[in-house]
Amino acid sequence: MKSIPQFSGIYLAGHSMGGMVAPWIAEEAGVDGVIVLAGSPVKLAQISLDQNLDLAGDQMTEEQKAQTIEFFTQLLNGEIPEETELSPGLTAGYYYSLDRYFCIPILEKTELPVLIANAELDFQSPKHYFDVFVEELGDRPNVTLELFEGLNHLFMETDGKIKSVEEYSRPGYVSVELINLIAKWIEELE
């Protein structure tokens, strides 16, 4: 795309897990900016732990919670052999491979313009993850941070009562405010 004269700039956007790795890809590809949508500033094992406790926590016994915490802590610490199958087709090695692309270190040093947008009612990348982005990157002049109220992981309106991917099959539209933010952010950079 860099060789096509009709393009004045190239901006890479990644959503969810794509948002976690987009900063690394953007640096390697030499694009003009990166957009992280519903990304996470924590490692995949932490995301899995948080989701397990959030979504099933009130249905777990204290012993089950302790076992869940212990398991994911071992995974976070790299104590489970890579070849260990955690579920069909999913190994500990998959988690470890994504850890190599943990986004905070690259975002702390990149000079690329960065837009990070999260949704307040996103149960997969919850608000406290956005707070980590603010704490770690809020003073970086090249980083724009935006939290959208009343939206879910797909940046669609929600009341936040359904904490399930089933919500994503409901008809809806990506927030116009998000689309306008991205367009304005890119226009200001051009």
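## Basis

The model is predicted, so local features need pLDDT of at least 70 and side-chain atom pairs count only at pLDDT 80 or more, while totals for chains, interfaces and linings use all residues. Residues are numbered from 1 along each chain as its sequence is written, and side-chain values use heavy atoms, with hydrogens and water left out.

## Fold and dimensions

The chain has 7 helices and 6 strands (DSSP runs numbered from the N terminus: H or I of at least four residues for helices, E of at least two for strands). Their order along the sequence is β-α-β-α-α-β-β-α-α-β-α-β-α.

The C-alpha atoms occupy a box of roughly 60 × 35 × 30 Å along the principal axes. Of the 190 residues, 40% are buried, meaning under 20% relative accessible area with a 1.4 Å probe, protein chains only. Among contacts (heavy atoms within 4.5 Å) between residues at least 6 apart in sequence, 60% link residues at least 24 apart.

## Helix 3 and helix 4

Helix 3 (residues 62-76) packs against helix 4 (residues 92-99) at an angle of about 55 degrees, and their axes are 10 Å apart. Axes are lines fitted to C-alpha atoms over the stretch in contact, and angles run from 0 to 180 degrees between N-to-C directions. The two helices are therefore oblique to each other; oblique is what remains after under 35 degrees (roughly parallel), over 145 (roughly antiparallel) and 65 to 115 (roughly perpendicular).

On the helix 3 side, Phe72, Gln74 and Leu75 meet Ala92, Tyr95 and Tyr96 of helix 4.

Notes:
Buried < 20%, exposed > 50% of the residue type's maximum accessible area, 1.4 Å probe, protein only.
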